Amino acid sequence: MEAKLPEEEHPKQAFGWAARDQSGVLSPFKFSRRATAEKDVAFKVLYCGICHSDLHMAKNEWGVTQYPLVPGHEIVGIVTEVGSKVEKFKVGDKVGVGCMVGSCHSCDSCHDNLENYCPKMILTYGAKNYDGTITYGGYSDLMVAEEHFIVRIPDNLSLDAGAPLLCAGITVYSPLRYFGLDKPGMHVGVVGLGGLGHVAVKFAKAMGVKVTVISTSPNKKQEAVENLGADSFLVSSDQGQMQSAMGTLDGIIDTVSAVHPMLPLFTLLKSHGKLVLVGAPEKPLELPVFPLIGGRKMVGGSCIGGMKETQEMIDFAAKHNITADVEVIPMDYVNTAMERMLKGDVRYRFVIDVAKPLNP
């Protein structure tokens with residue numbers, strides 16, 4: 001059977017920006033979305049955050065990319081159509097979609113509201129959907145997804161600055177909760193002050209936790225302490241600072257997505273402390289064992305969160321007035337934004353104004 005063109009696969013015409021090859025360069029792309037099924041919600045995309053994984057995927061750095069690729073999994077907009085069996089949403093509602101749009105609904109993980117760990121989880125872009133077609137993400141004007149994977153955005157949460165919470169927010173909120181690093185009075189370290197790190201500081205502070213930011217960049221100290229509310233700041237290459245903080249942290253959320261040494265971080269943990277990795281370096285990290293067994297310390301990982309917890313996170317963010325610090329850009333700036341993100345030249349998340357018409 002002859003393969004259909006992307007714009008002919010489904011009935012709803014859609015427009016976005018896609019990467020065509022490993023250069024990762026994005027350009028205008030016509031495709032299509034499925035008709036709104038009985039349990040589907042369709043929405044006009046207003047904003048979409050740019051996540052570091054969008055860059056990894058666009059350039060096939062993880063070796064799993066299928067082109068053409070429309071990235072984007074921090075997607076917010078306004079409902080335009082709902083299926084006949086949709087119960088929680090109506091036309092005009094503010095909604096979002098994060099990193100996943102499907103799961104099996106029958107495994108242990110799904111039963112435990114952890115669809116993010118379902119073996120058949122369907123990613124929002126670059127994955128095979130139920131019908132065999134490839135999923136396309138939020139760098140596009142229209143989204144259709146199953147009601148179960150739609151998040152309600154509270155009215156008091158701004159859509160542009162709220163969008164990155166659907167990936168960056170849940171990525172740090174979930175481990176703070178799961179690993180018990182959310183108890184008032186605890187002392188938690190946040191490694192890296194980028195898109196994930198700056199949101200981790202905000203969530204931890206709202207939970208009543210004492211926060212130390214650990215960074216390779218001394219020039220981020222003022223930003224961390226004065227603007228984001230961190231209690232203290234460590235330069236990871238300053239041995240004196242690191243030594244004086246030995247054994248002071250109950251846990252660490254490590255958001256860095258580049259290869260970096262683990263040993264200095266282990267020394268910061270108290271006995272029974274937990275180091276949780278949420279960044280995704282391309283190469284394996286070296287794991288020194290003696291400092292772990294010498295203090296019954298733990299290394300863990302965490303990847304986004306289930307739908308119930310994602311809604312809980314968004315509601316918590318709205319209650320505590322937590323949003324990402326964003327730079328809003330037009331769609332045709334996306335390639336420049338990717339280059340700047342690679343250099344760390346963004347405070348702290350780019351968000352595409354998808355609905356803004358481009359200048360001809």
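**Exercise 1. Is Thr65 buried or exposed? Place Thr65 in the chain and list its contacts.**

This is a predicted model, in which local features need pLDDT of at least 70, side-chain atom pairs count only at pLDDT 80 or more, and totals for chains, interfaces and linings use all residues. Residues are numbered from 1 along each chain as its sequence is written, and side-chain values use heavy atoms, with hydrogens and water left out.

Solution. 
- Step 1. Take the cut-offs: buried means under 20% relative accessible area, exposed over 50%, and partly exposed in between (1.4 Å probe, protein chains only).
- Step 2. Thr65 has a relative accessible area of 13%, so Thr65 is buried.
- Step 3. Find the element. Thr65 sits in the loop between α1 (52-58) and β4 (75-82). Helices (H or I, at least four residues) and strands (E, at least two) are DSSP runs, numbered from the N terminus.
- Step 4. List the neighbours. Leaving out residues up to four places away in sequence, Thr65 touches Met57 and Asn60. Contact means heavy atoms within 4.5 Å.
- Step 5. Look for polar atoms. A polar atom of the Thr65 side chain lies 2.6 Å from the backbone oxygen of Met57.

**Exercise 2. Stay in the α1 to β4 loop. Which peptide bond at Pro68 is cis?**

Solution. 
- Step 1. Pro68 belongs to the loop between α1 and β4.
- Step 2. The bond joining Tyr67 and Pro68 is cis, with omega about -5°.
- Step 3. A cis bond also joins Arg347 and Tyr348, where omega is about -10°. Tyr348 lies in the loop between α11 (334-342) and β17.

**Exercise 3. Which residues does Cys51 touch?**

Solution. 
- Step 1. Cys51 is in the loop between β3 and α1.
- Step 2. The relative accessible area of Cys51 is 6%, so Cys51 is buried.
- Step 3. Beyond four places in sequence, Cys51 touches His73, Glu74, Cys167, Met341 and Arg349.
- Step 4. Compare sequence with space. Cys51 and Pro71 are 20 residues apart in sequence and 9.0 Å apart C-alpha to C-alpha.

**Exercise 4. In the open sheet of 6 strands, what is the strand order?**

Solution. 
- Step 1. The order reads β12-β11-β10-β13-β14-β15, with parallel pairing.
- Step 2. β12 (232-235) and β15 (298-301) are the edge strands; each has a single partner strand, so one side of each lacks a neighbour in the sheet.
- Step 3. Neighbouring strands of this sheet are turned by 20° against each other on average, direction ignored. Axes are lines fitted to C-alpha atoms, for helices over the stretch in contact, and angles run from 0 to 180 degrees between N-to-C directions.
- Step 4. Zoom in on one pair. β13 (residues 249-254) and β14 (residues 269-277) run parallel and are joined by 5 bridges. Gly251 faces Lys274 in β14.
- Step 5. α5 (residues 195-206) lies across β10 (187-191) and β11 (210-215), at about 165° to β11.

**Exercise 5. How many residues of α4 are buried?**

Solution. 
- Step 1. In α4 (residues 168-178), 9 of the 11 residues are buried. Among them are Ile170, Val172, Tyr173 and Leu176.
- Step 2. The cover over these buried residues includes β10, α5, β13, β14, α10 (307-319) and β17 (349-353).
- Step 3. Just after α4, Gly180 has a positive phi of about 65°.

**Exercise 6. How many residues does each domain give to the contact?**

Solution. 
- Step 1. The chain is divided into domain 1 (12-166 + 325-353) and domain 2 (168-301); the bounds come from an automatic or database domain assignment.
- Step 2. Their centres, taken over C-alpha atoms, are 28 Å apart.
- Step 3. Domain 1 gives 12 residues to the contact and domain 2 gives 16 residues.

Methods. Two strands pair if DSSP finds at least two bridges between them. A polar contact is a pair of N or O atoms within 3.5 Å; within protein, one must be able to donate a hydrogen and the other to accept it, and residues adjacent in sequence count only if both atoms are side-chain atoms.
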